[in-house]
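Colleague: I am new to this one and would like to learn how to read it. Could we go through it together?

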Amino acid sequence: MLTLQLADSYKRIGLKDKAFRVKYCSCELSFKVNYHTGERKLHSMKSCQVRLCSICNWRRSLKIFGQVSKVMDYALQEQEYRFIFFLTITCKNIEGHELSRQIDNLFYAFKKLVLKAKVKKAVKGWFRAYRLHIILMVNKSYFKKTDLYLSQEEWTSLWKDCLKVDYTPVVDVRAFKTGTKKQTAKSVAETVKYAVKDTDYLIENNKDLTDKTVLELDGALANRRLIAFGGELRKIHKLLNLDDPEDGDLVNTDNEEELRDDVKYSIEVYNWYIGYKQYIKNYF
Ligand SMILES: [Zn+2]
């Protein structure tokens, strides 16, 4: 099981407390089962809250899906907003020990980006996930008003300026296609997807490399906010009294009620890939 591999690695690198917490993460799980539909719902669990724990990350992802869905819905009730995806692709392969600095740089560059006059004028709110997958909220008029609209080239040049790099960074800016549900769902899943995949640090048949990567990633991610809401979306997040999706309660994932269809679809896919597959294999 993946969390046991992670626990072993923590033990080898001398982080015994984390090894223990990860090892016993969620060993007490209870589910509410709906006997009519067969649907299972997590009722209680003891989570370790370690950033690299895949069980905790599964729950965090659900929580983030739930919160993004709620916040977007609330915003749309207020005004006819439109959403845009802003994805950046890091060209350079980053060595583990550089990761912490790279995350700082990216987050700092993004902070500068949203403060740029043109962006400030056009963007009403944003959601940022790890590795800079971003949802930007704009007024409906954004696509029609030439003084508001920013082309792919303009976004790229602004981003280059904020990053302070001499190469042209790859930026992908796309409007949410609300017409095609599948497309939107795919993009939401891509954006909201939580932080780190276990295959990023659990390297098959290579304990040394696994340990090195775990140590580096653990340090890079410690006490860091990997996701954030800004502008109007941040206000709504606060207004709805939603807790911290990274360190908050991982049983209540804020998605019990009606969810947007696109987000719901993403959760199903995510559950299958991350959660159920592992749980079915290891627990049932
Ligand atoms: Zn955990």
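This is a predicted model: local features need pLDDT of at least 70, side-chain atom pairs count only at pLDDT 80 or more; totals for chains, interfaces and linings use all residues.

Colleague: Thanks! How many aromatic pairs does the structure hold?

Modeller: A pair of aromatic rings is described by the distance of the centres and the angle of the planes. Rings of Phe, Tyr and Trp (its six-membered ring) pair if their centres lie within 6.5 Å; planes under 30 degrees apart count as stacked, over 60 as edge-to-face and the rest as tilted. There are six such pairs here. In one of them, phenylalanine 20 and tyrosine 24 have ring centres 4.9 Å apart and planes at 55°, so this pair is tilted. Tyrosine 142 and tyrosine 149 are tilted too, with centres 5.3 Å apart and planes at 50°. Tyr142 and Tyr149 form one aromatic cluster with Phe143.

Colleague: And which strands does β4 pair with?

Modeller: Strands (E, at least two residues) and helices (H or I, at least four) are DSSP runs, numbered from the N terminus. Two strands pair if DSSP finds at least two bridges between them. Strand β4 (residues 123-129) is joined by six bridges to β5 (residues 133-139), running antiparallel, and by three bridges to β7 (residues 228-230), also antiparallel. Tryptophan 126 stands opposite leucine 136 in β5, while the bridge partner of arginine 128 in β7 is alanine 228. Six of the seven residues of β4 are buried, so the strand is largely enclosed by the rest of the structure.

Colleague: Which residues of helix α6 are buried?

Modeller: An α-helix has 3.6 residues a turn, so residues three or four places apart point the same way. In α6 (residues 152-163), the buried ones are Trp155, Thr156, Leu158, Trp159, Cys162 and Leu163. These cover an arc of only 165° around the axis (taken from the directions from the helix axis to the C-beta atoms), which puts them on the same side of α6.

Conventions. Residues are numbered from 1 along each chain as its sequence is written. Side-chain values use heavy atoms; hydrogens and water are left out. Buried means under 20% relative accessible area, exposed over 50%, partly exposed in between (1.4 Å probe, protein chains only). The expected span of a helix is 1.5 Å times one less than its number of residues.
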